[in-house]
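Here's a quick briefing to read with the model open beside you. It starts with a sheet, then turns to confidence and a couple of individual residues.

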Amino acid sequence: MLKRLTNATSLLVAAAAIISIVPAHAADYKKIDSQEGTIYSAIAYKDGKFYIDGEINNKDEAAYYLANGKYNNLSDIDSGSSSEIYGSKYVNVENGDYFINLDNGSVTDESIKENAEDDAASTLRKNLKKDNDGRFNKAEAETIQKLTNAELPGNKFSDPWYKFEYSKDNSTNGAITKLNVYTDTQGNYIDADYNLGSLKVTTVASSSTSKTITVANTDDTYDADGTNSITGKDKISASVDTSTGKIIGQDSSYIYRTAKITVNAANGAKITKINGMDVTVDNGHTFTVNNSTLGSGTSTVSFNVIQKISKSQASGNIDGAKYAKSVTTYVISDKDGKNESFSYDKYTIANGKLVGYTANSSNLKVRTATLTSKNGYYYVDLADESSEDVKVNGSKSAVDTDVSGNLWRLDAGYIYKWDNNEDWTKVYKVDGSFDQMSVYDDNNIVTWNKNNEVYSVIGGKETIPTTPAEPTTPVVNKGWVKTDAGWTFYNTNGTQLKGQWVNDSGTWYYIKADGIMATGWLKDGSTWYFLTGSGAMKTGWLNDNGTWYYLQSSGAIKTGWLNDNGTWYYLSASGSMLSNTIVDGYKLNASGAWIR
């Protein structure tokens, strides 16, 4: 069978991949009705509240605040104005001309974004002037720094954090470097370049003695014997370089960034391990090593990392300045130290996992990274990359993230949610023409197609004109209906089918005598059939618990000799394929094929 699999494996794997736990047409998603109307732009918010710009619900073209099923005309806002999310509850219109409070629909021309940035800079200056005791250049720390594209990327409707850079004041050796400081609008700041967490460095000295020390920060110099002294031998230090890195994102508690860590060992010691991992692993792709001759010179090891930086301040300080309460540094590699790539156009943080994604004119690539550790080695566990089609509106693809950082996509009339692992979950069935959407969470979404003048609001209570009540009629089940016991099937007149085969859109299913859809092996009369996990009748090759069977085009199990594309196989009376044996004088190899 092994030779046979070289031609058929891809088909078998593909077939297995598309089998779902329910019939394809009866999946656990909701069908959403569409309405006529033109939406130019929209932003979904919580509790059925939305900002919608367009001609909808039989109303004139305008900007509306939708809440409790009512469309409130925002007369100050011109229809067609640019809009984007700002802060925890606002829509920023025309780059700060107006701000709409989505909690209550109020409109203000107050410069909310600019005021928040000014408050952050002013409060940070005040705090650094009080705290700084030689950590930062005094003149810079006591001057209000202007923010330029300083807001950190983060999940929707989160309070903004900002990045500032200050020159390090280190007059003892004349070294001047830039230090990253992150702060919120209230001035709760952290020096992000001090704390390293627990970085364990193993060295070998000229005496061939191996020692492991913990490098906790970037300011101190350590001896291989574990003491903190700049006068001892085998001095160990570390630095952080963010010049080629980037802020990946943030959640309510942490900021995530990429950076390069360099560890130095002076006075002839050689660095052999980082967090227990041999620095020569993966032929230098993970760790860049520059080891001088043992007993002289300096040894350096550099490696790319993702840092998870707490927004909370530590109880201590460095030269008066506050630093992050915790920082965990993860080498961008797998658990065995093999170099990994996690480079995407955009990132989002969902439930502590990092999701990278790149969308082009028709395709969306997604990959999830879990920050984890094994035996003290902190690394990035990457799941398989997903590549899927996505609905496109010109050069803009229908991809969005929600308030919790989850990734969503729209394609071919379905709204999908990334499971933060390796797969997509189909959540809603919508109009097939939809090519744009805005997502707040699973229950608050607006999606539309401007050109086709159609839209759907998920979570909003539409106001429907009152009409005379229609006489009630009994509900008649039709097609597939899910019950606690399993899937059932009703014909067009509402009669439930039992004990018979059903052909639904060209696929055969079997409904048992109790009315529940069958799965697995089924004996109908004297013939055996196999129903997949979705209930669909199986044809072709089947591997069931390591044993191969062949289901004919009728679904009936095959026994005896089988010619499959010119190769002969033998199926026993039970249908199982024989191998490594002789049948009727013909020898079968390990793959089950007749050896000619």
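In what order do the five strands of the open sheet line up? This is a predicted model, and in it the order runs β1-β33-β32-β31-β30, with mixed pairing. On average the chain comes in at a pLDDT of 84.

**The open sheet**
- At the edges sit β1 (30-31) and β30 (399-401), each of them pairing on one side only.
- β1 runs parallel to strand β33 (residues 424-429), and two bridges join the pair.
- Across from Lys30 you'll find Tyr428 of β33.
- As a reminder, strands of a sheet pair through backbone hydrogen bonds, either parallel or antiparallel.

- A pLDDT of at least 70 is reached by 87% of the residues.
- Where pLDDT is low, the predicted coordinates should not be read in detail.

**Asp184**
- Is Asp184 buried or exposed? Asp184 counts as buried, because its relative accessible area is 10%, and the cut-off for buried is under 20%.
- This residue belongs to strand β11 (residues 178-184).
- The side chain of Asp184 reaches two backbone nitrogens: a polar atom of it lies 3.0 Å from that of Gly187, and the one of Asn188 is reached at 2.8 Å.
- Setting aside neighbours within four places in sequence, Asp184 has contacts with Ala120, Pro160 and Trp161.
- Take Trp161: it is 23 residues from Asp184 in sequence, but C-alpha to C-alpha they are 4.4 Å apart in space.

**Lys260**
- Strand β17 (residues 254-265) is where Lys260 is found.
- With a relative accessible area of 32%, Lys260 is partly exposed, since that value falls between the 20% and 50% cut-offs.
- Which residues does Lys260 touch, not counting those up to four places away in sequence? They are Ser239, Val240 and Asp241, along with Ser302, Phe303 and Asn304.
- Asp241 is 19 residues from Lys260 in sequence, with the two C-alpha atoms 5.1 Å apart in space.

Key: Residues are numbered from 1 along each chain as its sequence is written. This is a predicted model: local features need pLDDT of at least 70, side-chain atom pairs count only at pLDDT 80 or more; totals for chains, interfaces and linings use all residues. Side-chain values use heavy atoms; hydrogens and water are left out. Helices (H or I, at least four residues) and strands (E, at least two) are DSSP runs, numbered from the N terminus. Buried means under 20% relative accessible area, exposed over 50%, partly exposed in between (1.4 Å probe, protein chains only). Contact means heavy atoms within 4.5 Å. Two strands pair if DSSP finds at least two bridges between them. pLDDT is the predictor's confidence in each residue, from 0 to 100. A polar contact is a pair of N or O atoms within 3.5 Å; within protein, one must be able to donate a hydrogen and the other to accept it, and residues adjacent in sequence count only if both atoms are side-chain atoms.
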